[in-house]
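I opened my notebook to look at two chains and how they meet. Here is what I looked up, entry by entry.

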Amino acid sequence: MAAVPDSAPVGRSSPLTVERWSPGEDVIEVTRTPPPGAARETWRTFRETLRGLKTTFGRMIEAPTTIQYPEEKTPVYPRFRGRHKLHRFDDSDPTHPSLEKCVGCSLCAAACPADCIRVVAAENTPENRVSAGERYAAVYEINMSRCIFCGYCEVACPFDAITMGHDYELSDYDRADLIFTKEMLLAEPLERTPLRNEGE
Amino acid sequence: MTTLALVGFYEAWWVQILKAIVIFAVGLQLVPLVLLAERKLLGRFQARYGPNRVGPYGALQPLADIVKLLTKEQFRPTTSVGVLFAVAPIISILTAVAAFSIIPFGNVQHIFGERVGLYGVDVSIGPLYLFAFGAIAFYGIMLGGWSSGSKYSFLGAMRGAAQLISYEVSQGLALVGVIITAQTLSLTGIVDAQKGMWYFIPQLAGFLIFLTASFAETNRAPFDLTEADAELVGGYNTEYGGGRFASYYFAEYLNVLVVSGIVTTVFLGGWLLPFGIHPPGWVDPFVVLFKMTLITFLFIWVRATLPRLRYDQLMSFGWKVLLPLATLNALVTAVVVVVTH
């Protein structure tokens with residue numbers, strides 16, 4: 001085979017010379033040696049693997065951070081807005097012993113953006129004196145399945161009769177069971193939520 | 001007739017049957033323990049508890065898992081090939097159990113006036129036997145993936161095949177160094193040759209290569225590409241459920257145990273204790289089990305640490321890093337052995 005000069009014209013072949021195939025633009029570069037710094041990279045990868053193992057081992061020695069929920073509970077902050085509470089005056093109060101604070105003014109129902117409070121007021125009579133004011137709440141219901149726990153009712157109340165408690169375990173099997181009546185809201189709530197200590 | 005392999009010596013037939021039952025029972029009981037250890041340890045590595053509801057400290061969790069899996073319906077896709085679909089997990093489990101039988105738990109003991117080797121069989125071709133069954137085990141994955149008639153299973157199986165073939169070479173070559181040094185293929189012979197110094201010191205490179213290749217061979221993280229859930233749903237066992245899935249699962253964990261046993265035997269001195277301590281014979285199995293526990297812990301530790309490799313990284317690591325290193329290790333060992341002897 002005759003040697004072909006590099007400058008052999010492509011496409012025009014003379015009978016004496018064999019045209020050399022030109023790969024054109026489609027040249028694939030084949031690397032036959034490891035890329036530069038490959039050994040260093042391998043060593044670095046190995047070292048980093050060991051560092052990773054050290055990190056995970058450190059996590060294993062530490063105690064788990066899991067809170068075993070039904071048995072252990074995350075403490076809540078004092079201003080946490082949970083289930084509502086209705087209040088009475090203290091038994092020791094000289095003017096209104098153990099009377100309800102709520103006077104049935106419906107300001108909480110008016111403030112409620114979720115429209116979940118229903119108040120029906122009735123007149124206090126000397127025989128049946130329930131609250132400290134002229135009227136009292138004959139019906140006081142909060143639909144907990146609608147409540148968004150915004151705390152506006154608490155703000156709206158002129159007598160601090162309703163406040164937000166700390167209880168957040170409000171699941172039930174039936175929607176009807178989530179409508180809390182006045183008796184339920186007045187009852188001393190089960191303190192099943194741990195309170196966060198100062199600085200915690 | 002040509003002799004293909006020799007076994008150490010022949011025990012009485014009843015000793016062999018008894019031995020087989022004991023080793024199978026021990027192996028069978030170790031798998032749920034490894035399962036539980038893995039889940040508990042993975043939890044600890046991730047700063048959580050792991051299973052702790054079933055039984056004290058979650059100890060009955062594997063039992064609950066097994067009952068749940070075995071009571072499930074045996075279904076198969078309409079596109080699957082029935083016979084192979086059923087046979088594939090059996091191949092996997094069979095080869096894993098067969099490989100388990102050559103792990104020596106101790107030297108020859110005198111029990112009931114008989115000489116009893118504390119191993120299933122002591123074949124004169126130890127590592128070859130292991131690799132032979134390792135090669136058959138890969139049919140379990142391959143057939144399972146193919147006969148499922150699902151693209152995810154098929155892709156998982158293809159990946160598995162490529163991976164197993166790639167890493168089997170390095171795994172085998174990593175053992176060559178040890179075999180050259182010990183001058184024997186019998187696993188008990190290799191352990192005996194480690195009196196004085198365990199092979200993981202002179203064969204450190206071989207030890208690391210073998211360990212790495214073993215992670216790939218057992219389809220464990222970071223080489224668990226066959227079951228990369230993000231891209232393959234579940235890999236070769238996507239279409240499996242119930243008892244057949246349990247078989248695959250069982251085989252995977254038994255393979256981890258087998259590899260731990262082989263590493264213990266070949267590199268960590270088997271039943272030997274350091275500093276020339278010679279305990280009575282009945283301690284040997286516990287020494288082996290303890291060393292196996294360490295290696296199994298390493299398996300779990302690595303799984304908790306390293307992310308899964310990309311497919312091309314897996315291939316280039318296997319062929320461009322591990323294989324040259326393993327070859328170099330075997331070569332250097334051979335030269336050193338020839339020069340010093």
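Ground rules. I am reading a predicted model, where local features need pLDDT of at least 70, side-chain atom pairs count only at pLDDT 80 or more, and totals for chains, interfaces and linings use all residues. Residues are numbered from 1 along each chain as its sequence is written, with chains lettered from A and ligands numbered from 1 in the order in which they are written.

Chain A. I found four helices and five strands here (DSSP runs, H or I of at least four residues for helices, E of at least two for strands, numbered from the N terminus). Their order from the N terminus is α-β-α-β-β-α-β-β-α. Of the 200 residues in chain A, 12% are buried (20 or more other C-beta atoms within 10 Å of a residue's own, C-beta atoms being placed from the backbone).

The contact. I looked up how many residues each chain gives: 11 from chain B and 12 from chain A. Contact means C-beta atoms, placed from the backbone, within 7 Å. On the chain B side, α1 (13-45) and α10 (284-305) each give two or more residues, and α10(B) has the largest share, three residues.

The helix pair. Which angle do the axes of α1(B) and α10(B) make? They cross at roughly 40° and come within 10 Å (axes are lines fitted to C-alpha atoms over the stretch in contact, with angles from 0 to 180 degrees between N-to-C directions).

Terms used:
Contact = placed C-beta atoms within 7 Å.
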